[in-house]
Amino acid sequence: MELSKERWLEIGKLLPNIPDTQKRVITLSPSMVALVTGPHSRLDVACVCLQDACDVACDAVYALTQAHANLAWFREDISDAPNELGAIIKSRFYIDDIALRLYAAAEHTANFIICYLNIGKDDLEPYEKKHSSLQQRVGRYVLNEYPTHEISSYIQALVAEESWKNTMRYRNTWVHEQPPLIDNVGIVSKRRARWSKNGNIYKLGFTSSDPPEYTVDQLLQMTSLATHAFGNMLEKLTSMFICFLEDSGITFKEDSDKISMTL
């Protein structure tokens, strides 16, 4: 796939700035954080969890880049363009990856919050029955127990984003059920019984294809907005964490794109 420089620049404008957040986080030293905060603190572990969240979120940005690139390549730039089936198949592969990685990044972020706020396992136990994922349990706990904390406002902003909720719903369906049907890929069939019963009479209905649930463009728009929303939360959590560490005695001196840490 050989896209033009202009095309890559166009795609770049559609991406969130999560790699910039990763640059700030990757320079944090868990060992130096541990040295300052002491043996009873979990901030050193929080540091690693935040780094993990940024790493996986950057992978989601890469997948988003490739989803845009493949859509453009097969629709406009390939020699036999437009090749709509190729565009859908290739782009959806990366779109699915975005959803999966955003979910994983949110789980890493939940672990960061646990360590940052020093949340105990027993604290989350009351939320286990209603919420299957760690991110849901932690989110509900923080909203209930720390309603005025800035983390609560970040969580509220993310879950208020419809694209985030829809992307997580899409991921859950993709993992636990039949992947949602997509338009323009030929005959698609839902996992449903073809026979219907009315009293003692059975009827069999014949259909060539079941209705799809998404177009590839809808999926790309949804996961793109979700990635941007998650990136905004990561940036705010990172700034909050760095400010907290500075108040704890660790200072960060920015020089160009480098951050040095002085005790």
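Tyr141 sits in helix H7. The model is predicted.

**Tyr141**
- Tyr141 has a relative accessibility of 9%. Buried means under 20%, so Tyr141 counts as buried.
- Beyond its neighbours within four places in sequence, Tyr141 is in contact with Ile119, Asp123, Leu124, Tyr127 and Tyr146.
- Thr227 lies 86 residues from Tyr141 in sequence. In space, the two are 24 Å apart, C-alpha to C-alpha.

**Helix H8**
- Helix H8 covers residues 150–159. Its buried residues include Ile151, Ser152, Tyr154, Ile155 and Leu158.
- These residues are on the same side of H8, because they cover an arc of only 160° around the axis.
- The cover over the buried residues of H8 includes helix H5 (84–117) and helix H7 (134–145). It also includes helix H9 (162–176) and helix H10 (216–247).

**Helix H9**
- H9 has 15 residues, which should span 21 Å at 1.5 Å a residue. The end C-alpha atoms of H9 are 21 Å apart, so the model agrees with that span.
- Ser163, Trp164, Thr167, Met168, Tyr170 and Arg171 are the buried residues of H9.
- They share the same side of H9, because their arc around the axis is only 155°.
- H5, H7, H8 and H10 are the helices that the buried residues of H9 pack against.

Methods:
Residues are numbered from 1 along each chain as its sequence is written. This is a predicted model: local features need pLDDT of at least 70, side-chain atom pairs count only at pLDDT 80 or more; totals for chains, interfaces and linings use all residues. Side-chain values use heavy atoms; hydrogens and water are left out. Buried means under 20% relative accessible area, exposed over 50%, partly exposed in between (1.4 Å probe, protein chains only). Helices (H or I, at least four residues) and strands (E, at least two) are DSSP runs, numbered from the N terminus. The arc is that of the directions from the helix axis to the C-beta atoms. Contact means heavy atoms within 4.5 Å. The expected span of a helix is 1.5 Å times one less than its number of residues.
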